[in-house]
Amino acid sequence: MTELDLVIRARRVITAFGEVSRAVGVRDGAIVAIEPLEFDLTADTVVELADDEVLLPGLVDTHVHVNEPGRTEWEGFASATAAAALGGVTTIIDMPLNSIPPTIDVAALEVKRKAAETQSHVDVGFWGGAVPGNADELRGLHDAGVFGFKCFLLHSGVDEFQPLPPEDLEGVLERIAAMGSQLIVHAEDSAAIDRAQTPHGELYQNFLDSRPRGAENLAIAWLLERARWTGARVHVLHLSSSDALPMLASARRDGVRVTVETCPHYLTFNAEEVPDGATQFKCCPPIREAENRELLWDGLGDKTIDIVVSDHSPCTAELKHLDTGDFGTAWGGIASLQVGLSAVWSGARTRGHDLSDVVEWMATGPARLAGVAHKGSIALGNDADFCVFAPDAAFVVDAQRLAHRNPVTPYDGRALSGVVRQTWLRGARIDVAGPPAGTLLRRGDR
């Protein structure tokens with residue numbers, strides 16, 4: 001085959017058929033050849049990966065809070081997409097909060113797109129929001145290309161994105177089902193949390209007690225029944241309670257259209273090791289006990305949990321109240337976009353999983369969730385999005401050296417396995433010091 005723009009030759013390539021040796025050919029930003037390594041592919045640019053490097057598809061992260069416009073000091077498209085690229089992520093789907101305005105109507109979506117279009121180093125899509133009073137906006141957002149709709153079942157943490165009351169949820173699900181879209185849900189029961197201990201002070205256990213597993217379990221059970229009644233497609237965000245796994249598996253066996261994600265921090269950390277006052281670990285729902293963590297890994301292994309995405313939810317150092325260590329007043333969110341792949345691989349390899357598993361959880365599965373079929377796998381016709389990964393290399397996270405806008409992360413000082421050495425977007429190597437080349441994605445593109 002001639003007239004290729006790029007050939008990447010690697011002894012280890014993760015494809016839908018597992019790990020193989022291949023030469024991958026690219027033309028006009030798409031994969032047009034996947035041949036045995038010895039096959040004579042020629043191109044303008046030929047890249048030979050080192051023996052310790054593996055070619056992965058670019059990761060797809062469907063749960064990122066970029067926060068721009070309105071709270072750009074928390075993150076922003078320039079810094080978020082640079083961090084994504086340095087972490088092997090080539091596609092992100094931005095959450096409809098904590099930006100101002102939130103993405104709850106078409107006008108707000110256009111404001112968000114305008115902010116992103118010249119700053120993004122990776123491809124960017126958008127979720128819409130489902131909040132009280134915007135049911136008539138959902139069709140417009142859907143037609144404008146959002147990938148689905150997010151709602152909260154309790155206060156979101158910001159007043160401009162209110163939770164859906166129980167009496168509204170079923171009607172929203174019916175509308176979304178009629179459009180062929182999906183509802184992605186922050187599932188914690190507000191009444192259960194109102195009855196729990198009020199979070200306060202430096203003791204992590206106090207914060208953990210304020211967000212009990214039962215609050216997640218109740219909300220997920222409630223959501224599953226309404227998804228059963230309406231036939232709507234629903235997705236459970238950032239699962240932290242392993243108690244919910246049996247009912248999720250049961251609902252799926254019954255035909256309920258539910259998918260589930262968890263996050264690197266729930267798979268990496270455990271409550272017993274969170275130091276008191278270490279508010280960089282605060283997130284909602286919370287990091288739970290070591291036994292719970294291992295059951296989440298089991299849920300990935302038996303496919304009850306579909307994907308692993310970051311829930312990158314950064315803020316300024318001041319909002320984390322690191323000076324007082326007060327879990328009651330600190331912002332709840334984990335910054336991890338740049339280190340998620342290494343964090344998950346560090347845990348996966350010690351539990352008998354391989355890189356094909358990680359690719360399914362962090363690239364192929366999220367692409368399937370969002371419906372970006374041309375992303376997330378090394379396959380003919382797909383975008384030539386790649387991550388060059390050295391799985392046996394190691395590093396210690398230095399928050400000051402991450403591309404995140406604010407150097408606050410619970411991974412600071414943690415040793416991780418696996419180093420991202422290159423990231424390619426549509427056949428061009430990403431240089432985060434150069435001009436951004438990411439594009440904005442709409443549902444149904446290609």
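**Exercises on a sheet and a helix**

In β8, Asp123 is the bridge partner of Thr91. The model is predicted, with local features requiring pLDDT of at least 70 and side-chain atom pairs counting only at pLDDT 80 or more, while totals for chains, interfaces and linings use all residues. Residues are numbered from 1 along each chain as its sequence is written, and side-chain values use heavy atoms, without hydrogens and water.

**Exercise 1.** Find the order of the strands in the open sheet, and its edge strands.

*Solution.* Helices (H or I, at least four residues) and strands (E, at least two) are DSSP runs, numbered from the N terminus. Two strands pair if DSSP finds at least two bridges between them.
- Step 1: β7 (residues 89-94) pairs with β8 over four bridges, in the parallel sense.
- Step 2: The order of the three strands is β6-β7-β8, with parallel pairing.
- Step 3: β6 (59-64) and β8 (123-126) each pair on one side only, which makes them the edge strands.

**Exercise 2.** Determine where the buried residues of helix α4 lie around its axis.

*Solution.* Buried means under 20% relative accessible area, exposed over 50%, and partly exposed in between (1.4 Å probe, protein chains only).
- Step 1: The buried residues of α4 are Leu169, Val172, Leu173, Ile176 and Met179.
- Step 2: Viewed down the axis of α4, they fall within an arc of 120° (taken from the directions from the helix axis to the C-beta atoms), so they line one face of the helix.
- Step 3: Glu167 and Ala178, on the other side of α4, are exposed.
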